[in-house]
Structure formats: structure tokens, C-alpha cells
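Please examine the sequence and the structure shown here. The explanation after them is meant for a reader new to both.

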Amino acid sequence: FDWGEDWAIIAGHRVKLQVAHTKLSFSRAFILRAYPLQTHEMLFDALTEAFRVLGGVPRRGIFDNMKTAVDRIGSGKARQVNLRFMALASHYLFEATFCNPAAGWEKGQIEKTVQDARRQIWQDLPVFPDLGALNAWLEARCLDCWERLQHAELPHSVSEVHASERPHLMVPGRPFDGFVEQTKRVSPTCLIQFEGNRYSVPASFANRPVSLRVYPDRLRVIAEGQVLCVHDRIITRSHGVPGRTVYDWRHYLAVIQRKPGALRNGAPFTELPAAFRTLQDQLLRRPGGDREMAEILALVLQHDEQAVLCAVELALEDGVATRTHVLNTLHRLIDARRTAVPRLDAPQALVLEHEPCADTGRYDILRGDSRHAS
């Protein structure tokens with residue numbers, strides 16, 4: 001295993017990427033995966049994805065003395081291995097071997113793979129909408145190279161040799177949950193800070209400690225044995241760029257129950273769904289609209305959000321933008337779902353064969369010959 005550096009166009013910007021190279025020593029099968037940084041969680045994800053593509057786990061892995069795996073280098077082969085990296089190795093049951101400092105040749109063929117990849121795969125500057133699309137392209141290119149490349153020592157392709165090597169690899173089993181955990185304290189404004197950016201947390205956990213689990217592409221906030229929220233991770237490489245604040249308006253619903261006026265200028269509520277924003281514009285024009293809008297948004301805490309949003313859209317179509325009408329419409333939608341029963345096919349004996357004809361004249365027989373006084 002080794003890291004390399006390459007460039008790509010991601011979402012219209014030229015980005016410098018850290019590329020993880022994983023290669024099997026016997027078959028020479030290799031896999032590349034790109035990341036914005038060289039961090040613990042990136043390394044764990046790269047190895048997990050590599051074992052998936054390679055179809056198994058080798059019994060021994062050769063690594064450089066990277067900081068994401070080795071905390072301190074001792075004399076000779078003595079190493080103080082990072083605890084999370086040890087957890088990864090114990091999970092997949094492979095033996096980690098580390099090279100001597102400044103002895104990159106001990107990593108076998110991987111150094112050559114880093115150089116060859118620039119010529120075989122990164123020859124043209126790739127252009128992709130996001131990092132996920134780039135990694136999917138890299139995986140497909142690597143598999144294609146297995147088919148085309150001749151093995152260095154055997155008269156077969158890399159793909160054919162890998163097919164014979166694959167039964168000797170260990171079964172990966174359940175993927176390793178490769179997060180890095182940190183303890184954070186939620187601010188009074190229901191925010192936690194990570195890498196210069198701030199992310200919202202449910203208001204009930206303001207001024208309380210939470211556990212932050214960092215993944216390559218997301219952040220997961222844990223407290224009291226449950227997942228409080230999940231945010232897409234923002235990674236900014238440019239210096240001097242101000243940090244961003246990511247709000248989830250659902251986290252502040254308990255706040256607006258006490259302070260409904262926060263709806264007017266509150267930053268978390270600038271990205272409400274379109275139907276909620278339209279309803280808010282109408283309600284805030286009349287007295288008590290703040291409280292009424294806060295009560296409508298609070299319905300999300302008790303009912304499915306899409307059902308509440310549908311009820312608001314129907315109320316707007318009816319031209320009755322009130323809490324009572326939204327609530328009645330929501331209950332009708334919920335009751336319709338509960339009472340919906342599958343259609344039953346009638347037995348053949350109950351099928352109508354002759355449609356009856358209306359004959360109102362038959363009611364005249366009820367009159368008889370008696371005369372009625374006018």
C-alpha cells in the first residue's frame with residue numbers, strides 16, 4: 001500500500017488529490033482510490049474498498065511509515081502503531097509490516113505502480129462532477145487494466161493470475177467501520193465545530209457533550225447510544241477561506257416553540273422547502289402568524305415530513321393557508337393511508353351479466369285504483 005498525488009477536475013475546479021494505491025504482490029492486481037486528504041478515515045476507507053474490489057484480504061500487508069498508521073518509529077523494526085490502525089488490522093486479520101525509513105524499495109512493486117498509474121490512467125486530466133464519480137471511474141479503469149496488462153513473470157494477464165490467486169485470500173467479512181471519534185461540546189446555538197466549519201445538532205443537546213464520528217464523506221453525531229444527525233462533510237483546502245455553517249432547520253423546532261419570532265430572521269430557516277416558505281410568507285403577514293407557522297412546522301416532529309409537506313401544498317392550492325386547514329388535510333391523508341385496503345376480485349357467481357334498465361313506471365302499481373284527495 002502507498003499514497004500518491006495527482007490532479008483532477010472536480011465540479012469545474014482543478015483539485016489536487018491523494019490517491020491510495022493497493023496492489024497484490026503475486027498477481028499484480030491493483031486498485032486506485034482518490035481522496036482529498038491523507039487522514040486515518042481516508043486510509044481505512046481505501047483499504048476497505050480495496051479488499052472489496054480485490055475479492056479478499058492478504059495475510060500480510062506492507063506499508064510505509066505513514067502517520068496515519070505509525071505514531072512513533074523505534075529502532076529497527078520497532079513501531080508504535082496507531083490504535084485505530086491496529087483495530088483495522090485485527091478486524092481483517094492481516095499482519096502489518098512497516099518498511100525501514102528511507103527504504104521505499106521494501107514495498108515491492110507498489111512504488112512502480114504509483115509511477116505507472118500516472119501514465120496508464122491519469123494520462124488525460126479527468127473531469128468529473130464529484131469525487132464519487134471519479135472513484136467509480138478509477139475502479140473501472142483498474143479492472144480494464146487487469147485485462148489488458150500482461151503479467152511481469154507469468155504468461156497470463158493480470159486478471160487471469162488474480163483469478164487463481166483470489167481463492168487464497170481471506171474472506172473480508174463485514175466491512176470495517178472506519179471512523180475517527182472525537183468528543184465535542186455543543187454550543188448554546190446548537191452547533192459543533194470541526195475543521196473550521198460548524199454543523200447543527202438538535203436543540204435538546206445544547207451545552208452538552210456529544211461524540212463526533214468522522215468519515216471520509218460525512219460526519220455522524222452520537223449521544224446517549226443513538227445517532228442524532230448526519231451531515232455531509234465539508235473539506236476546504238484553501239487557506240484564508242471563512243468557515244461555513246451547515247444548518248438543519250429540524251434541529252431548531254424546539255426553539256421556535258418558545259421563540260416563534262426566530263422564524264422571521266433565523267438563519268436555520270432560510271432553506272425551508274418551497275411549500276413551507278410560501279406558507280410562511282402568507283402567515284407572517286397577519287398577527288399571530290409566527291406562532292401558527294411554528295405549530296405547523298412542529299407537526300414534522302410527530303408525523304412524516306413528506307405527509308406534512310403534502311398537506312401544506314394542498315392547503316395552498318385550496319387557498320386556505322391556516323393551521324386548522326393544514327391539520328385537517330394532514331389527518332385526512334393519514335386516515336386514507338390507514339384505511340386503504342386492497343381491491344378484492346368478486347367471485348364469478350357475483351359478476352353482473354345483464355345491466356338492469358330503469359323503469360319508473362313500475363311504481364304506479366302502488367297506487368292501485370284508489371283515488372287520492374288533492
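The paragraphs that follow treat the domains, the nonpolar core, the salt bridges and a surface patch.

This is a predicted model, in which local features need pLDDT of at least 70 and side-chain atom pairs count only at pLDDT 80 or more, while totals for chains, interfaces and linings use all residues. Residues are numbered from 1 along each chain as its sequence is written, and side-chain values use heavy atoms, with hydrogens and water left out.

The protein is divided into domain 1 (2-168), domain 2 (180-246) and domain 3 (259-338); these bounds come from an automatic or database domain assignment. Between domain 2 and domain 3, the C-alpha centres are 28 Å apart.

The largest nonpolar core has 32 residues, and Trp249, Phe276 and Leu297 have the most contacts inside it. Such a core is a set of buried Ala, Val, Leu, Ile, Met, Phe, Trp, Tyr and Cys residues joined through side-chain atoms within 4.5 Å. Among the elements that give two or more residues to this core are helix H6 (253-258) and helix H10 (305-318), helices being DSSP runs (H or I, at least four residues) numbered from the N terminus. H10 supplies the largest share of this core, 6 residues. Helix H6 also holds Ile256, which counts as buried because its relative accessibility is 0%; buried means under 20% relative accessible area, exposed over 50%, and partly exposed in between (1.4 Å probe, protein chains only). Leaving aside neighbours within four places in sequence, Ile256 is in contact (heavy atoms within 4.5 Å) with residues including Phe269, Arg291 and Leu297.

The structure holds 15 salt bridges, each a side-chain nitrogen of Lys or Arg within 4 Å of a carboxyl oxygen of Asp or Glu. One of them joins Arg28 and Glu153, with the closest N and O atoms 3.3 Å apart. These two residues are 125 residues apart and link distant parts of the chain. Arg28 is buried, at 11% relative accessible area, whereas Glu153 is exposed at 62%. Another salt bridge brings together Glu195 and Arg233 (2.7 Å, N to O), and a network of salt bridges links Glu41, Glu195 and Arg233.

On the surface, Tyr363, Ile365 and Leu366 form a nonpolar patch with about 410 Å² of accessible area together. Patches are made of residues with over 30% relative accessible area and no salt bridge, like charges being joined within 9 Å and nonpolar side chains (Val, Leu, Ile, Met, Phe, Trp, Tyr) within 5 Å. Ile365 counts as exposed because its relative accessibility is 69%.

Note on methods:
Accessible areas come from the Shrake-Rupley method with a 1.4 Å probe; for residues, only the protein chains shown count as cover.
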